[in-house]
Amino acid sequence: MISFGPTEEQELIQQTVHDFAQSEMRERARPCDEKRELPDEFLQKSWELGLVAGAIPEAYGGGGIGRSPVTNALVLEELAWGDVPLAAAAMTPALFVQPLLDFGTDEQKKTFLPLFAGSRFHAASLAILEPTFSFEVSNLRTLAEKKGSGFSLSGKKRLVPLASTASHLLVVARGARDGVAGLEAFIVPRDAKGMKIAAEPEKTLGFQCLPRFRVELDRVEVSADARLGGDRGIDGARLLAMLRTASAALGLGLARGVYELALPYAKERVAFSQPIAQKQAIAFMLAEMQIEVSSMRHLVWKAASLLEHGADASRAATLALTYANREVMKLADNGLQIFGGHGYIREYPVEMWYRNARALTVTESVSAL
């Protein structure tokens, strides 16, 4: 029989993360946005949930729960319901850990996974986006060229989360082949010679509390052991599908947050002697918001399920992300309209969510795998 619901274990994880989002993220989001600060205390509390270390096998010191894209999508939705940039910050180490779990050699796993199995938050990140208007992931300008027994990396990256504190970056570059099949990933320590991380984070419309940096690589030499996956490399199409599914899950959580805040407000807000929810235009808007949230969830779960079963999820992930990017902006805008003048001022979180929605739709790699 076809099942469209989580398992009992997944429901427990989902509820635990939701409670965390309610208690540790909702009230913290606005001060973090205003001050453009990411509290170490929050990162540590999020780490203690075991969302990153839990997927690491016990042999490397982790929780041994296992790698599950479906569970990850559930977690990301709940975290994003709390606050998207805080969710992205909490899960940034997964941008390094989960590709390592999926593609890494035994030696790479043995060397790096224990770093993320400890009791303290450990920062690492993924560098994939590039500062070009014509950016296309299938035609990266960051190049990985053979040099002796290793590789030389040259190029520029942008919006790399937590790059200034990350112990390692997973740098995605173009190898000898063209297209997505030619994508390569390299484990680069933060202090590698020739790699420069900007002193100040980039200034952006949304995601104010998540520091994201430009990174320049000028003939950075790495050994053959730094190539993720060793001689076999990575599956570029699967990596992109994971990123896109994760980003769609974040969009889903944000959209759900907007809807769940707008609905009770519309029922309580009285204008011209009746709740605005009873006005046809608002009622239709709320109904459409609920439909879109449910549709987004179906697409996200489908892509995540294909990933979990090892199937080709490229098309499903692209559809999920494309739909989520379009609808999360529509829902955020609808939320602003329902709240009226209250949506425009900072007393309510709607204007912040609107900015974060726009930021999310143009920076898919800020998400976690």
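Contact means that heavy atoms lie within 4.5 Å. The model in the viewer is predicted: local features need pLDDT of at least 70, side-chain atom pairs count only at pLDDT 80 or more, and totals for chains, interfaces and linings use all residues. Residues are numbered from 1 along each chain as its sequence is written, and side-chain values use heavy atoms, with hydrogens and water left out.

**First selection: helix H4**

Select residues 84–91, which form helix H4. Helices (H or I, at least four residues) are DSSP runs, numbered from the N terminus. Eight of the eight residues of H4 are buried, so this helix is largely enclosed by the rest of the structure; buried means under 20% relative accessible area, with a 1.4 Å probe and protein chains only. Among the buried residues are Val84, Pro85, Leu86 and Met91. Now display the surroundings: the buried residues of H4 pack against helices H1 (8–35), H2 (40–47), H3 (69–82), H5 (94–103), H7 and H11 (350–362).

Next, select Asp83, which caps the N-terminal end of H4. One of its side-chain oxygens lies 3.2 Å from the backbone nitrogen of Leu86.

Move to Thr245 in helix H7 (residues 236–268). Thr245 counts as buried because its relative accessibility is 4%. A polar atom of the Thr245 side chain lies 2.8 Å from the backbone oxygen of Ala241. Apart from neighbours within four places in sequence, Thr245 is in contact with Val300, Ala303, Ala304, Leu307 and Ala317.

Finally, select Asn334 in helix H9 (residues 314–339). Is Asn334 buried or exposed? At 8% relative accessibility, Asn334 counts as buried. Asn334 touches Met285 and Met289, when residues up to four places away in sequence are not counted.

Conventions: Helices (H or I, at least four residues) and strands (E, at least two) are DSSP runs, numbered from the N terminus. Buried means under 20% relative accessible area, exposed over 50%, partly exposed in between (1.4 Å probe, protein chains only). A polar contact is a pair of N or O atoms within 3.5 Å; within protein, one must be able to donate a hydrogen and the other to accept it, and residues adjacent in sequence count only if both atoms are side-chain atoms.
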